[in-house]
Amino acid sequence: MFVFNQKKRRNNVIVFIFLIIVISSFFQFVVFQNILLDIYGWHLSQPESIQGGVELLILILAFSLIILIVSPYISLPLVFFLSLLYLKFHQVLVSTIVSYTYMECIIVFGGCILSIFRISRGKNISNYLAYFTVGLSFWSMFAIILSLLGKGTFNDLRILTVILSIFSLLYFLKKKEVPFLMYKIVQLVHSFNRGERILSAFLLSLILVEFAKSNRAIDYDSIWYGLRPEHVLVGPNSFFDNLGLVQFVHYYPKLMELFFIPISGLGDYSFIYAVNTIIFLLLIILIFSFARLLGTSNFEALFLSCLLFSIPAIANMASTAKTDLFTSFFLLLSAYYFLLLLRKPIYYKYIFMIICPLILSLGGKITSFLYVPLLVLGMVLLMFYYIVKDKEKAIKFFGMVKNRVSNFLKFEIVILSSSLFVFVGIFYRTYVLTGYPTFPLLADLWDGIGFELKYPLNKIPQLPGFSGETFTYISRWYNLLFDPKDFPHVINSWTGNLSFYMFVIFMCLLIFRQVKIRNLLLNDFIIFLPWLVSGVISASIFNKGGDGNYYIVPLISTSIIFYVGFTKLKKNLIKTMIYLSLALFIPTQTMITFVSHWSWQWGTDVVNYSLVEKELDDDIRNEKMFQESGLTEIETYIVSKSDKARAVGFGTNEVSEQVLNHLSCRFENINGGLGSAWYGNPEIVSSDVEFLRYLKWAEIDYMIIPKEKIEGYDPVFIVYNHLKKMGGKEIESRDFYLLDISFIKSQIYNID
């Protein structure tokens, strides 16, 4: 009987191994065919993809050879030198150094505050994530106070940053400490073995590619509201100024954009992208720390990081000005500290790190309004589980919380208060500009309790629609995971199918009785269940699958659940085969990440490997774009006037509003923008009287219209012709007219 059972178990192992080989191969083959060849086949053949891909491959191989052959004391400087060379060749070295220095200043400032408040700074690299959180919270608090006082311009906030940085550096100089994140990263990497360093080098390569993409990939959303704060965020005094904007994206929570102000307006978009890429680095550190907390080795934690951060929906958000990584970082950081305190109560002084990141996340992407309560629900469910199943751990945790609350230091109250002040300040801005504390989210609620929406904002903008497709959920999920060509905002930020594959392997392990479920899943993962369920439901019902970047938080948390379970397997052969099957996902995901982007730009710039090539070259790129779009004369005229001018106009099929958003003034498009029910208010363009009323309210200086009339907007053209007859100055370019009405504003205001 014993021999029979042994044979049966051996057969199960053989079948299981064969099955995961077949399944993993199927996943890679189908994705390679349907996505890389069918969707991105043309992109793969372009010089930017070919040259950039060869560069990336050489970079990874060079890093690996240096790590394998050269001693650690020499290999790290060599890797650092090659990284700088790569950044220089792609004209992003200056922006990377400046932006990284800015981030270090915030981290050092946060560490200084914790040290002054006598909260142990700790020696783990994860502590630097707390320094960043505290530094950002206090910096934002000071920035909001200055903004409320009318001193929140770019230079004002740069001066604030310099003063806080000098104070922090002098403080640590006196204490003879090295407070920099880079120093800690070097220390950590130096402690790794060669295999761990190779994985670290791969992660570094992914980060370098995102820096390089920042010089090329300007996506629609980023140029719309993220890359031009000098035109659509900050007025003469601060970001509380009304800039006459209608589209609701300009009234989202703007904490991340506020944080980006000191490195904005420096002549190149790559500065903003670089800071977001460094947030990508912080997220990598967080997931590494998360995996280590849950019991994995350094190698296993780094391998998980390679799996996750080669996924396009995560990696390519780094080279955008979108808030997804910013929000995801703080949400996952809160979960990390909750589990840290649950497992290691010795860190009780960091209890504020459960709350502060949650508060700050609400200042980022509005998906946080869903994910924050779901995380709180996960925390409650986990504590309820421990109350029922592990009373001793629950009693210890609640005892620690009770003791900490009853002995709450005034310093910790100050830290929490800073985050709350930032939260109130960010939403007070929305209230000042719109009349609602949040807009468009919860518009019905605010209206119902007595708030009044300001003119000319649309009272209840349209909400994202649910799926109206007729295909079954099975075919829908197959398309999302393996063939997303019919989901435009999924294919350009593809979520991959890694977590689904992990789920399949998990089920195979249970079916073939290779492990018991209680040995595969940690109890702590209950905290992630609400996120997991929300991700599945959202992907099932959102129209066209929604946007791939919506699912970063569920994607990361779900992958952690399954992956950490695999690391607990006792059978080395099965464990090794699972790791090998997972490793196949890395090259496939990396290739898709490289040729795809939210902007639909592929690869990285073709470069000439010159060390004297000009950096900060957005002016050259924009000049070329305006020439191709027939806007040179208009841009030349705008540049000769004030860069604070406000313009409104139309995009066309040939020259989209995305191009017009690059003009050296505040531009807002009418068609599909402020005149639409989706983003703006159609009442504005319903009559010439209403449009003239809008022009007065927004204090418009320029009207930009195409030579070919846009159907459905007769009131706009009537007003244009009327103002032209009143003395407006018309500038003609190849396909557009600009009407300067800035010097007849007084006459316009008197029109009834």
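## A proline in a loop with a cis peptide bond

Pro440 is located in the loop that runs between α20 (410–434) and α21 (443–448). In this predicted model, the peptide bond leading from Phe439 to Pro440 is cis, and its omega is near 5°.

A cis bond is also found from Tyr455 to Pro456, with omega near 0°. Pro456 belongs to the loop between α21 and α22 (473–482).

## Overall architecture

The chain contains 36 helices and five strands. Its radius of gyration is 27 Å, close to the 27 Å given by the globule rule for 752 residues, so the chain is as compact as a globular protein of that length. Along the principal axes, the C-alpha atoms fill a box of roughly 100 × 60 × 55 Å.

Of the 752 residues, 60% are buried. Among contacts between residues at least 6 apart in sequence, 78% join residues at least 24 apart.

## Surface and charge

The chain exposes about 30500 Å², and carbon and sulfur atoms supply 65% of this area. There are 62 positive and 54 negative charges, whose mean positions are 17 Å apart.

## Aromatic pairs around Tyr679

The structure holds 62 aromatic pairs. In one of them, the rings of Trp224 and Tyr679 have centres 5.0 Å apart and planes at 90°, so this pair is edge-to-face. Trp224 lies in helix α10 (residues 220–226) and Tyr679 in the loop between α33 (670–674) and α34 (688–698), so the pair ties together parts that are 455 residues apart in sequence. Trp224 counts as buried, at 4% relative accessibility, whereas Tyr679 counts as partly exposed, at 26%.

Tyr679 also forms an aromatic pair with Phe248; this pair is tilted, with 5.8 Å centre to centre and 35° between the planes. Here too distant parts of the chain are linked: Phe248 is in the loop between α11 (229–232) and α12 (255–260), Tyr679 is in the loop between α33 and α34, and the two residues are 431 residues apart. Phe248 counts as buried, with a relative accessibility of 7%.

## An aromatic cluster

Ring pairs also join residues into a cluster, whose members are Phe290, Tyr336, Tyr337, Tyr350, Phe352, Tyr371, Phe525, Phe528 and Trp531.

## The surroundings of Val595

Val595 is placed in helix α29 (residues 585–595) and counts as buried, at 2% relative accessibility. Leaving aside residues up to four places away in sequence, Val595 touches Leu36, Tyr40, His43, Leu44, Ser49, Gln601, Trp602 and Gly603.

## Positive phi outside glycine

Lys176, a residue other than glycine, has a positive phi near 60°. Lys176 sits in the loop between α7 (154–175) and α8 (181–191). With a relative accessible area of 78%, Lys176 is exposed, since the cut-off for that class is over 50%.

Glu699 likewise has a positive phi, of about 55°, although it is not a glycine. Glu699 is found in the loop between α34 and β3 (702–706), and at 40% relative accessibility it counts as partly exposed.

Conventions. Residues numbered from 1 in each chain as written. Predicted model: local features only at pLDDT ≥ 70, side-chain atom pairs only at ≥ 80, totals over all residues. Heavy atoms only, no water. Helix = DSSP H or I, 4+ residues; strand = E, 2+ residues; numbered from the N terminus. Rg over C-alpha atoms; globule rule 2.2 N^0.38 Å. Buried < 20%, exposed > 50% of the residue type's maximum accessible area, 1.4 Å probe, protein only. Contact = heavy atoms within 4.5 Å. Areas by Shrake-Rupley, 256 points an atom, 1.4 Å probe, with all protein chains shown as cover. Lys, Arg positive; Asp, Glu negative; His and termini not counted. Charge placed at Lys NZ, Arg CZ, Asp CG, Glu CD. Phe/Tyr/Trp six-rings, centres within 6.5 Å; stacked < 30°, edge-to-face > 60°.
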